[in-house]
Amino acid sequence: MINHIVADSIKSIAKGFKEEIILSNVSPGVFEQVCEENGWEFNIDSDYNGWEVDWCAYITVDSYTINVCGCMYYGTANLTLNG
């Protein structure tokens, strides 16, 4: 179920339907799996920050780049279109 929500969120950002989406109960592994299933490029910065394990990544969908910033401690992720 969460994979479907993540995929729909990525598509909504890439198509410009939404400027920002905040997701709960997600981890970088979910994004990696969804991107692999959809043929999207997922790149994560391996330099995690702090005890809350903040992380950043970007997803390339067609010619669009989506920024993803998350926190593993809270299980949240914020998606925005790079622009």
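S9 sits in helix α1, which spans residues 2–14. Helices (H or I, at least four residues) and strands (E, at least two) are DSSP runs, numbered from the N terminus. The model is predicted: local features need pLDDT of at least 70, side-chain atom pairs count only at pLDDT 80 or more, and totals for chains, interfaces and linings use all residues. Residues are numbered from 1 along each chain as its sequence is written, and side-chain values use heavy atoms, with hydrogens and water left out.

S9 counts as buried because its relative accessibility is 7%; buried means under 20% relative accessible area, exposed over 50%, and partly exposed in between (1.4 Å probe, protein chains only). A polar atom of the S9 side chain lies 2.8 Å from the backbone oxygen of I5. Apart from neighbours within four places in sequence, S9 is in contact (heavy atoms within 4.5 Å) with I21, L23 and L79.

Next come the strands. In a regular strand the side chains alternate between the two faces of the sheet.

Two strands pair if DSSP finds at least two bridges between them. Strand β2 (residues 41–44) pairs with β3 in the antiparallel sense over four bridges, and F42 stands opposite I59 in β3. β3 also pairs with strand β4 (residues 64–71), in the antiparallel sense over eight bridges. Here W55 stands opposite G70 in β4. The hairpin of β3 and β4 has two residues between the strands, and D62 takes a positive phi near 55° in this hairpin.

Terms used:
A polar contact is a pair of N or O atoms within 3.5 Å; within protein, one must be able to donate a hydrogen and the other to accept it, and residues adjacent in sequence count only if both atoms are side-chain atoms.
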